[in-house]
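Subject: Structure handover

Hello,

Here is the structure I promised. Please open it alongside this note.

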Amino acid sequence: MTKLLNKPSLFEKYTPYLLILPALTYLLFFIGIPIAQAIYLAFTEKGAFSTENLDYLLNSPFSMFKEALKYTFLLAITIIPIQVAIALGLAMLFNIKFPGRNAALYLVILPLTISDVAAGLIWYSMLSSYGFLNKLLINMGLISQPIYFFGYQYRNMEFLAIVLTEVWRATAIVFVILFAGLQMISQEHIEAAEVFGANVWQRLRYIVFPMLLPSLQAALIIRTLFALQIFGVVWILAGRDIPVLAGEAYYEQVFLKHTGVAAIYALIIAGISVAVGALYIKLFKAKYLEAGT
Amino acid sequence: MSEALTKLQALIIAIIVIAAIGGGVAWYYMQQPKGVKIIWASTQLVPAQEQAFVKDTLLKEFTEETGIEVEFVPISYEDLATRLQSEEEAGKVTISVIGELHGGIDYFASQGWLEDLSKFGTLPDRTFPQVLEDYSRLHGIKAYIPWMTATYVMVVNKKAFDYLPEGLTEDDVIHGTSKWTYDALLAWAKKLYEETGGPKLGFPAGPNGLFVRFLHGYLYPAFTGAQVKNFNSDDAVALWEYLKNLWQYVHPSSTTWDAMADPLLKEEVWIAWDHTARIKDAIVQKPDQFVVVPVPAGPKGRGFILVIAGLAIPKGAPDQDAAWKLIEYLTRPETQVKVLENVGFFPTVKEASAKITSGPLKVLADGVNNQLNTPDALVALIPSLGAKGGDFKNVYITAFQRIVLNNEDIKTVLDELAPQLLSLFEETGAPLPPPDSMSG
């Protein structure tokens, strides 16, 4: 009986752990085990430890790792600021009530419903040498020869096409998060600021922006993770002219059957994602706490 | 009370009636002759249109004739290999027939996953060319029955004939005479570029394109007489110098194109090289606009690839007799002509060629025939490297990217890549593919 009496306290002690157990189990099964398997694939060869895959990745004449790393980061640091800027502007605009706002909202979000491959194909056909854009420009008499967007010789244009497509396709997700964040900011704060004589810029700087930071953090984390995984759009528009990490993982696995090398790519993407996520949380945390008070 | 009983009785009666009907229906279906149903997994004829042809025409007629139902499962090579491996390892095989390319079947046979088809005897009323007979014997067994062949040809928009370079006639190109050489192609592409104001020659050099076949199966045999063994010879250096030269007049979007039918139809290019199946659309839509011609010849001959698709039976497959009947049906001359008419793959039995009719198909078949019958033909086969097939292609693609696109030194790149290429054959023990193995 005494044992039974002790039980509730024991139970209480472990309650927090029990409560996070389902989540932990989920993480273990769907993230922990695959990571362990990826590490196993990456660093073993016929059951024994081996750095052969890593050696291939870094030193083989066939490996495009360095280029892929470079282009993945280049694309991320080009695309994300543009998307955040546009999304922020749109969110501010939509925060003002105007006629037809709901219809316009749907239009802005529409590209989000299209898969990245489909978006890539749409833009490919628009930008190809005899596509919509070139035909339009030629018919308007602005150019006499088509502008080439695609091909290894025009890698900068391919890069531009990828940026265009990604901005068109995925800005909406940043917008949705920021817009939701904006709507959560109580009008009272802003009215109070107005009473105290804050101008538009001051209201933005000292009220809206700090209170929007948690949403911005969420949007940035999601967008950056997607940017690191960028693949479909690049594969359609530029093939391997512009190699990216996820594309190389796919190529190594599907075309070359280098499962271990593909696993290293996956691990690298996962590693960078975790690092970037941690960085964002660290950078935004202090401000978030201030804003919360 | 009695009323309640009646309700209960009614309920019981209702249950009995429903059970009787259900049982009767089940009994009726069980009495029906249970047809054999087999699974045919194929990496070929996968595009939606081709699948529709297989299901609605080919297999429908087969089922009407034999009563055997066939479930056609279009599948990628990777998925097929994974599925076959797991089924063979678990000892629970569900696939009865496999349709795959020579290289893939070679890998399956090397793993011991295939039945030896010689136990079924020979197929009557059809003759397979000797080269196909020889190639379908792999790892000590008759691994597959040759099913379809394909090759890669050049397609010319007739407009381009107005810009032929000096000394080259339309007839030279169409019949692949000794004047139709890679140098003549270069002169033609240059003239087209200069006189039409843009590049008019294109290749499918996108990530899923087959341009790599042009490198190892066309240019290499034509310039060096072999696909592999003269990889970094002086002849090979001349080859890459030629290609760099030619590339100035090649449409730059080539590195993103996976198939040439669209660029041909949109007239982005006037001359293209591609797989017969991937240019067929263009020919069918505008048969009067295009001519299919043999590829040019190089100093060592007119190198080109013959692709072979085969039908195989997995080891321990269910309903093997039904599977063999399907193979017999698919290799009949009439069936093979139907396949050619509908999906553009060429027959593997000699008896079929007499039955080819006219129309766009004739354009295609003529081109293929002209290519096969050029006196300097140098037939190349895709090497059977199994899982290393991707690495093999990657060597040539990498050489192309570095030499032609990145402008790196030819000899340095080739010397660096050559050992990697040879090691693929050493690691797998695969023989060098023809024409390497023939020229001794």
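Are Tyr71(A) and Phe159(A) buried or exposed? Tyr71(A) is buried, and Phe159(A) is buried too. Buried means under 20% relative accessible area, exposed over 50%, partly exposed in between (1.4 Å probe, protein chains only).

Some ground rules. This is a predicted model, where local features need pLDDT of at least 70, side-chain atom pairs count only at pLDDT 80 or more, and totals for chains, interfaces and linings use all residues. Residues are numbered from 1 along each chain as its sequence is written, chains are lettered from A and ligands numbered from 1 in the order written, and side-chain values use heavy atoms, leaving out hydrogens and water.

Rings of Phe, Tyr and Trp (its six-membered ring) pair if their centres lie within 6.5 Å; planes under 30 degrees apart count as stacked, over 60 as edge-to-face and the rest as tilted. Tyr71(A) and Phe159(A) form a tilted pair, because their ring centres are 6.4 Å apart and their planes at 50 degrees. Those two residues are 88 apart in the chain. Phe108(B) and Trp113(B) are also tilted, with centres 5.9 Å apart and planes at 35 degrees. Phe108(B) is buried, at 0% relative accessible area. Trp113(B) is buried at 7%.

Now Ala189(B). This residue is buried, with a relative accessible area of 1%. Ala189(B) touches Leu201(B), Leu246(B) and Tyr249(B), not counting residues up to four places away in sequence. Contact means heavy atoms within 4.5 Å.

Best wishes

Conventions:
Helices (H or I, at least four residues) and strands (E, at least two) are DSSP runs, numbered from the N terminus.
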